[in-house]
Every structure is written in structure tokens, then in C-alpha cells.
Amino acid sequence: MTINITVYDFWDLRKAANPQLLIDPIHQEDRLCRYPQELGEGYYRWIPLREGILIEILETYLPQSIKWITHAHHQNSLEFGFTLAGLGQDCDGQPKKSGEDYIFGGVYPQSNNNIDGAGNLRWVSLIIKPETLLTLIESYGEQVPKDLEKAIAGVPEYFNLRPSLITPAKQVALQQILHCPYQGLTRKMYLESKVLELVSLKLADRVAAPTEKLLRLQEIDRIHHAREILLRNICNPPSLIDLARQVGINEYTLKRGFRQIFGTTVFGYLHDYRMEQARQLLLSGQMKIEQVAQIVGYVNRSRFASAFRKKYGINPKAYQTQKNI
């Protein structure tokens, strides 16, 4: 079954679900926005950097596909989007899939063909004002790429560069954004450096040849399937051998694939996912710490507290009591 919804109705649902945005107690500059429960479970995170640059992170689960009915509207910014999980279409019906990146902006066309498929959705978007991007490019003495000239000049038409694969170098930078270990000014400077890195990689759309063989498209799909299996079995994950067998690749390719696509090991990815889920559950303030620990796969509360403290530098209880809603 597919849910039909207009973008305006979605905005109304999102506003109703968020009378006011949540403030992350660890990163006070971040704003969190719950995804409407009528459509799925998850959140948006907005991280403002310098004037004209915003990082948006969406991580949600859709029990059913969503068909979006959009109306023509203008967005005075360019969006560098990176789809890490999920399938769908953008505003002009261009397919987008996990493992691809794209640039779009301008006047979004009216459409009723764009669909987000059911399952996990995860993407990182770098939302940049055209004038900010122009300043950045010119500050390095470079010319504006030909295919971006009109978009940067603010020509009011829909702009969409066809998607390309997220390379291993981009994957590493994206994972560093998602799992930034710093706080305060150091964090903002670090994240801005990652934004500039991703923008430069996307504009060039080529990197130096890696030291190990790149994955084939079929292998990329199977690595993402392995990730989905891993996250569906968060409390009782399969062994590496079993996981590789389930998706039809060998253990070496599984390990290599996680390094190239997610920038970490298989169980390193699972650990980071568990900690992020725990952080969101604690932030909601609706569960006891023992319940949160069990949901993310920890039988022992003290081991959960130790892992959470090592990841975020604060005890789960202290994090929960510091939340600001």
C-alpha cells in the first residue's frame, strides 16, 4: 500500500509533531525535528554552520511507501544530497537510490510521480546558498563549473545534475559528519571542512584511484542488503560468515564493502547505530534506561552505560536529565 500526500500536508503534519524543535543537549546548536508518526518513525537533524550553509540529516523508517504530490515552488539554495539508504524519486521523477548523490535546486516542478519506498531512509543534504558557493569557489581562484553557472547565478529554473555513485572518499566524509567526535567551535569547524570536502569531490566527481578494488554495482546493492539485515537483527546480529552467506557474497567482500561504503567495520557500524538509536530514545524521555539498553541490544545496563559514555562522553542518565524540550 502507498500513502498519497501533498508536500503542504506533510509540512502541516511535521509542524503538529513538533510544537517546538528539540535542542540536542550535547550539541546546543543542533535542532531536531520528529518525523510525523502518521507516516513513519525517525527524525531530521539540522546543523547550521556559517551563513548560507546548513547540514540536514534525515534518518527514518517508513512502514509504507509514500507518493508525494508536489506543487511548483522556488528554493533559493542548492542541495548536495547523498542517499545512504532507501529508494525513491526526486521532484521531477528522477530515480534516486542508496549509494548515489546528486545536486538540485531552483524552481521545483509540479509532480505526482515521486515516491519514497517503504523501509529505512537515510540521507545527508548539504544546503548551500548560491552566493555562498560562489564565494567559496572564487576564494580558491577557481572558475565556476559550466553546468553550475546558471544555478549559481540564481536563474529561476529547476536544476538537477543526474546522480552519480557515492565514492569511498565521499562515504568516509559522510560517516565523519554522522559520527563527529567533537563539540562546540571545534565541531563546527570540523563539519565545515567536511562540507567543503564533499562539495569539492562532487564538483570534481572523481578521486584519485584507491589502493583497493572498487565495488561493483551488484556488490554495492548486496552490502546495503547486509546492512538492512544487520539492523533488523540489532539484538541478535548474525556472524560475518552468516551475513555474507545471506546476501550472496564472501566475507572478504562484506568487510571491504562496509569499509568502502560506510567507512567502518561491520560491527563498528552496528555499534554506532545502536548508540545513535539509544541517544534518540533517551532524548525522547519516554523510556527508562534499562528499556533503552534492551531495545538496542544490551542485556547489562552497566555495559550499555559504559559504551554510551565512551561514545558521547556522558552517562545515559545525565544525558536524559539534561534534555531540553
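Ile223 touches Leu215, Ile249, Thr253, Leu254, Gly257, Phe258, Ile261 and Phe262, leaving out residues up to four places away in sequence. Contact here means heavy atoms within 4.5 Å. This is a predicted model, where local features need pLDDT of at least 70, side-chain atom pairs count only at pLDDT 80 or more, and totals for chains, interfaces and linings use all residues. Residues are numbered from 1 along each chain as its sequence is written, and side-chain values use heavy atoms, with hydrogens and water left out.

**The chain as a whole**

- The chain has 12 helices and 13 strands. Both are DSSP runs numbered from the N terminus: helices are H or I with at least four residues, and strands are E with at least two.
- Of the 325 residues in the chain, 50% are buried. Buried means under 20% relative accessible area, exposed means over 50%, and partly exposed lies in between (1.4 Å probe, protein chains only).
- The chain exposes about 16100 Å², and carbon and sulfur atoms supply 52% of that area. Accessible areas come from the Shrake-Rupley method with a 1.4 Å probe; for residues, only the protein chains shown count as cover.
- Take the contacts in the chain with a separation of 6 or more: residues 24 or more positions apart account for 68% of them.

- Ile223 lies in helix α6. Ile223 counts as buried because its relative accessibility is 0%.
- Ile223 and Lys255 are 32 residues apart in sequence. Their C-alpha atoms are 9.2 Å apart in space.
- Arg222 also lies in helix α6. Arg222 has a relative accessible area of 29%, so it is partly exposed.
- Beyond its neighbours within four places in sequence, Arg222 is in contact with Val247, Gly248 and Ile249.
- Arg222 and Gln246 are 24 residues apart in sequence and 9.4 Å apart in space, C-alpha to C-alpha.

**Helix α6 against helix α8**

- Helix α8 covers residues 251-262, and its axis comes within 10 Å of the α6 axis. The two axes cross at roughly 90 degrees. That makes α6 roughly perpendicular to α8.
- Axes are lines fitted to C-alpha atoms, for helices over the stretch in contact, and angles run from 0 to 180 degrees between N-to-C directions.
- Angles under 35 degrees count as roughly parallel, over 145 as roughly antiparallel, 65 to 115 as roughly perpendicular and the rest as oblique.
- From α6, the contact uses Glu219, Ile220, Ile223, His224, Ala226, Arg227 and Leu230. From α8, it uses Thr253, Leu254, Arg256, Gly257, Phe258, Ile261 and Phe262.
- By class, this contact of α6 with α8 has eight nonpolar, three polar and three charged residues. Ala, Val, Leu, Ile, Met, Phe, Trp, Tyr, Cys and Pro count as nonpolar, Asp, Glu, Lys and Arg as charged, and the others, Gly among them, as polar.

**Helix α6 against helix α9**

- Helix α6 (residues 217-232) packs with helix α9 (residues 266-284) at an angle of about 50 degrees. Their axes are 11 Å apart. That makes α6 oblique to α9.
- On the α6 side, Arg227, Leu230 and Leu231 make the contact. On the α9 side are Val266, Phe267, Tyr269, Leu270 and Tyr273.
- The residues of the contact of α6 with α9 divide into seven nonpolar, no polar and one charged.

**Helix α7 against helix α8**

- Helix α7 (residues 240-247) and α8 pack at an angle of about 90 degrees, with axes 8 Å apart. They are therefore roughly perpendicular to each other.
- Leu240, Ile241, Leu243 and Ala244 of α7 meet Glu251, Leu254 and Lys255 of α8.
- Five nonpolar, no polar and two charged residues form the contact of α7 with α8.
- Tyr252 is placed in helix α8. Tyr252 is exposed because its relative accessible area is 53%.
- Tyr252 and Leu240 are 12 residues apart along the chain, and their C-alpha atoms are separated by 9.4 Å.

**Two strand residues**

- Ser65 is in strand β6 (residues 65-70). Ser65 counts as buried, at 18% relative accessibility.
- Setting aside neighbours within four places in sequence, Ser65 is in contact with Met1, Thr2, Ile3, Ile115, Asp116, Gly117 and Ala118.
- Pro163 lies in strand β13 (residues 159-165). Pro163 is partly exposed, with a relative accessible area of 24%.
- Pro163 and Glu100 are 63 residues apart in sequence, yet 6.0 Å apart in space, C-alpha to C-alpha.
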